[in-house]
Amino acid sequence: MKSFGRCFCVSLFGTSHAPFLGVEIKGCPVGLAVDERIFAVDIARRKAGALGTTNRIEPDVPHIAHGCVNGYSTGETIRIIFENKNIRPDEYTHFKTHPRPGHADWAARQKYGEACDLSGGGIFSGRMTLPLVAAGVVAKCLLQQKYPHINISARLVEAGGSKDIATAVQAAREAGDSIGGVLECRATGLPVGLGEPFFDSLESCISHLVFSIPGIKGIEFGEGFAAARMRGSEHNDCYIDKQGRTASNHAGGINGGISNGNELVFRVAAKPTPSIALPQQTFDLAANKMAPLVIKGRHDVCFALRLPVVVEAVTAIVLADFACYNFTDTAPE
């Protein structure tokens, strides 16, 4: 399924090298200010072209095909479309029989057979994060209308195991290799009570959508795995006032699956881009033997460089979905 949400519902369509791709958003109220101009900043943050990113440059111009009139949402499904213009499908045909290690080529081929589109990675491509960013822009607008104090910010805190991100990216680029990274997301101004216990906990739903980002391999909230090495006296966040503010924030702003009014903090791990310039010895299905695979084309050395805005977008989508049916209205000042 390529859909998420119960009230604020997001569905993706298209693929990396299809004529177009985009997103449909259901549950947006009437009268929200939405036009093409509001997408420019976040789309630019995701764009390729910087050192360590792919040289596949697309215009990424959003076209709102439905759901908005004169710059305002009508309450109907919002449909946003992006054209794919800079495509080279011929560079991907041999991956059907000689799948890339670390990529979805083999698993996708087994699942979908001849219906599998591997051009540009198909539905498994990082290009699918573009419509996610667009949906995130609309979600941020909705959140600002309901909870104007909310602010969501993500950043890349390390790449290739180093905090010197630029040097790590350059070294991997010169080696014909790739690196992953760790991103940290923080959200302030959240009301108390977003989320549910058990299956729809705030952690569960954020994790669900974070793992829709291609290449994400891990997530932790607050102290995360470090909490397993702490004692309760160390990990407990003591309350310091009647608004529920705490002296520390080891829980990352969530207790019992719901937001507690403190800062939401989580980190995600992005793996190295599978498509690398170095030759790899891997099984060739057509030849029925191990054979060297040389990958050509345009690929990110560190796709994590372009992910902060994507992590912000999926966080906003989850929070907007909860906000649409949340009955608590106690956003901190």
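Reply: In what follows, contact means heavy atoms within 4.5 Å, and angles run from 0 to 180 degrees between N-to-C directions. The model is a predicted one.

The helix in question is H3, residues 129-146, which lies across strand E2 (9-14), strand E3 (20-26) and E7. Relative to E3, helix H3 runs at about 30 degrees. These strands belong to an open sheet of 5 strands, whose order is E1-E2-E3-E7-E4 and whose pairing is antiparallel. At the edges of this sheet are strand E1 (3-4) and strand E4 (63-66), each of which pairs on one side only. The partner of E4 is strand E7, residues 78-83, and the two are joined in the antiparallel sense over 3 bridges. In one of these pairings, His63 has Ile81 of E7 as its bridge partner.

The crossing of H3 with H7 is left-handed.

The residues that make this contact can be named on both sides. From H3 come Thr129, Leu132, Val133, Ala135, Gly136, Ala139, Lys140, Leu142, Leu143 and Lys146. From H7 come Val309, Val310, Glu312, Ala313, Val314, Ala316, Ile317, Leu319, Ala320, Ala323 and Cys324. Sorted by class, the contact has 16 nonpolar, 2 polar and 3 charged residues.

A further sheet may be described for context. It is open and has 4 strands in the order E8-E9-E13-E10, with antiparallel pairing. Its edge strands are strand E8 (151-159) and strand E10 (216-221), each pairing on one side only. From one strand to the next, the twist averages 20 degrees. Strand E8 pairs with strand E9 (residues 181-188) in the antiparallel sense over 8 bridges, and Ala159 stands opposite Gly181 in E9. Helix H5, residues 202-210, packs on this sheet and touches E10 and strand E13 (264-270). The direction of H5 makes about 160 degrees with that of E10.

Note on methods: Residues are numbered from 1 along each chain as its sequence is written. This is a predicted model: local features need pLDDT of at least 70, side-chain atom pairs count only at pLDDT 80 or more; totals for chains, interfaces and linings use all residues. Side-chain values use heavy atoms; hydrogens and water are left out. Two strands pair if DSSP finds at least two bridges between them. A crossing is left-handed if the near helix is turned anticlockwise from the far one by less than a right angle, and right-handed if clockwise. Ala, Val, Leu, Ile, Met, Phe, Trp, Tyr, Cys and Pro count as nonpolar, Asp, Glu, Lys and Arg as charged, and the others, Gly among them, as polar.
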